[in-house]
Amino acid sequence: MTKVNPTSTPKTGTTSPIARQQAIENALSTALYFIRKAKHPSDLQAATLRAVRAASMLKQACAESVHPLTAGA
């Protein structure tokens, strides 16, 4: 499986929103693939790692967001 790293700008280190979205969707899609396949415990571990990666990228996106999200909005 190919590892995807979204490109970042050298000055700020922030990733482009489109590249980040693509990387998050890819991580979630890959996690679902491993869950559906799940013939070995390693498949579940791979799914978990991909889901955690997606969550990490979402957390980073929220931290870098210009307009922070508020609960109940």
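**View 1. The whole chain, and how far apart its contacts reach.** In the protein chain, 45% of the contacts with a separation of 6 or more are between residues 24 or more positions apart; contact here means heavy atoms within 4.5 Å. This is a predicted model, where local features need pLDDT of at least 70 and side-chain atom pairs count only at pLDDT 80 or more, while totals for chains, interfaces and linings use all residues. Residues are numbered from 1 along each chain as its sequence is written, and side-chain values use heavy atoms, with hydrogens and water left out. The chain has 2 helices and 0 strands, taken as DSSP runs numbered from the N terminus (helices H or I, at least four residues; strands E, at least two). Its accessible surface is about 5800 Å², with 61% of that on carbon and sulfur atoms; areas come from Shrake-Rupley with a 1.4 Å probe, and for residues only the protein chains shown count as cover. Of the 73 residues, 21% are buried (buried is under 20% relative accessible area, exposed over 50%, partly exposed in between; 1.4 Å probe, protein chains only).

**View 2. The largest nonpolar core.** Five residues make it up: Ala-23, Ile-24, Ala-27, Ala-54 and Met-57. A core of this kind is a set of buried Ala, Val, Leu, Ile, Met, Phe, Trp, Tyr and Cys residues joined through side-chain atoms within 4.5 Å. Helices α1 and α2 (41-64) are the elements giving two or more residues to this core, and α1 supplies the largest share, with 3 residues. Zoom in on Ala-27: leaving aside neighbours within four places in sequence, Ala-27 touches Arg-50, Ala-54 and Met-57.

**View 3. Helix α2 from end to end.** The 24 residues of α2 should span 34 Å at 1.5 Å a residue, and the end C-alpha atoms sit 35 Å apart, which agrees; the expected span is 1.5 Å times one less than the number of residues. Asp-43, Ala-46, Ala-47, Ala-54 and Met-57 are the buried residues of α2, and α1 is among the things covering them.

**View 4. Glu-64 and Arg-20, a pair across the helices.** The side chains of these two residues meet in a salt bridge at 2.6 Å, N to O. Glu-64 belongs to helix α2 and Arg-20 to helix α1, so the pair ties together parts 44 residues apart in sequence. The term means a side-chain nitrogen of Lys or Arg within 4 Å of a carboxyl oxygen of Asp or Glu. Arg-20 is buried at 10% relative accessible area, whereas Glu-64 is partly exposed at 32%.

**View 5. Asp-43 and Lys-37, another salt bridge.** A search of the whole structure turns up 2 salt bridges, and one of them joins the side chains of Asp-43 and Lys-37 at 3.8 Å, N to O. Asp-43 is buried at 5% relative accessibility, while Lys-37 is partly exposed at 35%.

**View 6. A nonpolar patch on the surface.** Leu-32, Ile-35 and Leu-44 form this patch, with about 270 Å² of accessible area together. Patch residues have over 30% relative accessible area and no salt bridge; like charges are joined within 9 Å, and nonpolar side chains (Val, Leu, Ile, Met, Phe, Trp, Tyr) within 5 Å. Leu-32 lies in helix α1, residues 17-37, and is partly exposed, with a relative accessible area of 41%.
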